[in-house]
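This report goes with the sequence and structure shown below.

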2 protein chains.
Amino acid sequence: MSDTILADLPTPCLLVDEARMKRNIDRLARHAASLGVTLRPHLKTTKSVDAARYVLAGGNGPATVSTLAEAEVFAEAGITDILYAVGISPDKLDRVIALHRAGCRLSVLLDSVAQAEAVAVACGEAGIAIPAMIEIDSDGHRSGLTEDDPALVEVGRVLHAGGAELNGVLCHAGESYGAVGRAAQAVFAEQERRAVVDASQRLRTAGLPCPVVSVGSTPTAHAATDLTGVTELRAGVYVFFDLVMAGIEVCDVDDIALSVLTTVIGHQEARGWTICDAGWMAMSRDRGTAAQEVDQGYGIVCDEAGAVIPGLIVLQANQEHGVIARRPGSDAQMPEFPVGTRLRILPNHACATAAQHQQYHVIPDEAGAPLGLWPRFGGW
Amino acid sequence: MSDTILADLPTPCLLVDEARMKRNIDRLARHAASLGVTLRPHLKTTKSVDAARYVLAGGNGPATVSTLAEAEVFAEAGITDILYAVGISPDKLDRVIALHRAGCRLSVLLDSVAQAEAVAVACGEAGIAIPAMIEIDSDGHRSGLTEDDPALVEVGRVLHAGGAELNGVLCHAGESYGAVGRAAQAVFAEQERRAVVDASQRLRTAGLPCPVVSVGSTPTAHAATDLTGVTELRAGVYVFFDLVMAGIEVCDVDDIALSVLTTVIGHQEARGWTICDAGWMAMSRDRGTAAQEVDQGYGIVCDEAGAVIPGLIVLQANQEHGVIARRPGSDAQMPEFPVGTRLRILPNHACATAAQHQQYHVIPDEAGAPLGLWPRFGGW
């Protein structure tokens, strides 16, 4: 992790600290094991076959994805147990069936009778029992049926009677991203667990199968202490972590494994600004810490080796310009950064920042090893 | 522009309305001609060789870019007169020189003696007179020297004496994006013109050359009525326009040529929400209208044919979920959108939304013609 290893990289570019990433992956794997549940990592954060090998510990699943493009790339790379965790629409079922025919067990997600009917029709036409999960809403975040919704059993029946494989229930406590600290996040974890366990019991009482009971978000996955009745845990951003997760105390800033390498391109001395080449195109427009207690602007500034420089953030960003300045209220000394100085920026939101880039440059865990290069993909 | 032509597109995906794009391009081309200046379009919005052929009317320049990757792709496509309009850092000069050797006249931008010295050294080593523009700051937006800064002439001398080609001065009135209406934007246009003309006169008085006097931003380019002393005009987002530009009255909503095609994937009826598959990954995290009089959320909702549905916006977004709802305060009727319904979303910021996608699907101007497909590129 010396200056030398990064010297030839054109900026801006995306860096992964392999040691931190491995530590983050190990931490949640151990926690899931201690809770007696299967970990089904979400691959939407990394979108990289190379990173997936770490996240899945070299195995061929289970995994979660957010797009069919992810499912297709990871299936091609040999991953055979994938959950597509965004509500299915009928026009996408052709690609789901093609993945099954190619040997990938792809599960779909839904929360309405209309979707269940479309899945059942597709199963009948293709002669394939597509595994389907019913989405449960525990916190009003976005999608899903509440566990007491009369439609729950009806959706289950339409799937089960229609030739789909009713595979279980799933919940994502998206509102937990607003809870600060482990105790507050544990409340969401328990709410998530209770919603999905209650839903599973309603299905079973109605004589329907429900083998999989799935929960997860990065905050609740780390905060959960009892997952009785749950079979599987999902999380995504924990692989890299980011300033939003640090801001709600799921991780420390020193756990963040993703950063953007940037070069100083100018100064506005009267304003105390240093201009760098990491604008929002490199950082993304994500300002997730703006609603937190400490607004990190477009990111925290580190030196080239990755050590945080106290008091400095990327205060504002244009497409290819970042403005580095003292955090509002800070009396930190602004260091001299001559044009050409290399710095690193820790991002607000790893999923969003990584999506702006086509590859990761991987700083090896092992001293003296060369930089790694992991291609990244996007699209739908 | 029927339902049929879009029916086979997987969603979310990016659409360009060719007729609107041509109209936008023609409008500014005519305005620049009427002002007697050369238009040097910024290709950072489209990042597409196919789109560049329209923007440059089939010519090989002049063009503006925001990254060396853009310069390299467009040079490879035959564009020979390119301005890289982000402050140059010494580590990037190798690629600048390689482009010159490949036959592209690439100009660089700078605002400090340190950068000028680095450019001069590179010119000497390579035996190439790199054309350099000095950046002038007219409104405290970001970068550049004020026109009365003593460093201006010094920078010019270092370039001129050091073997670079002192090509001129450049200003970008970035603060004009906060000015609403043509009259307010014309004030910024005049401020931009005056700053750069004054700077050019200081250089010439000092016996230095200043052939090019360049101004531009989409708002000031359209609002300018007199560009005496200016030789060239730059603008980028005008090709597509977007809700930010409509919000400050540079264009109408009906001029916006870029949209995201999306499919309805669910509902939360108690909350009046329709969930679609255009989340922030498809729209970008750009919330540029949040600071405007009318906050458009993550975008305005249109039917599949592109007609605005009154009162509806994408109220919030997760990675692959958009929440369509009534605009706060609107009493518009929420239409029924069954799962599978196709809609289009007009974006806040065309540059940011387009950057989330790998290609444009182009709805042809000519009735009955097939959809076009324009690849897009990213990276640095």
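The sections below cover the model, an annotated domain, the relation of the chains and the cysteines.

## Model and conventions

This is a predicted model, in which local features need pLDDT of at least 70, side-chain atom pairs count only at pLDDT 80 or more, and totals for chains, interfaces and linings use all residues. Residues are numbered from 1 along each chain as its sequence is written, chains are lettered from A and ligands numbered from 1 in the order in which they are written, and side-chain values use heavy atoms, with hydrogens and water left out.

## Annotated domain

An unreviewed UniProt entry assigns the annotation "domain: D-serine dehydratase-like" to residues 257-364 of chain A; such annotations may be inferred rather than shown by experiment. The span 257-364 of chain A is 8% helix and 41% strand, counted from DSSP runs (helices H or I, at least four residues; strands E, at least two). Its end C-alpha atoms lie 12 Å apart.

## Relation of the chains

## Cysteines

With a disulfide taken as a pair of cysteine sulfur atoms within 2.5 Å, the count over all chains is zero. The sulfur of C171(A) has its closest cysteine sulfur in C210(A), 12 Å away, which is too far for a bond. C171(A) is buried at a relative accessible area of 0% (buried: under 20%, exposed: over 50%, partly exposed in between; 1.4 Å probe, protein chains only).

In chain B, C171(B) is in no disulfide, and the nearest cysteine sulfur, that of C210(B), is 12 Å away. C171(B) also counts as buried, at 0% relative accessibility.
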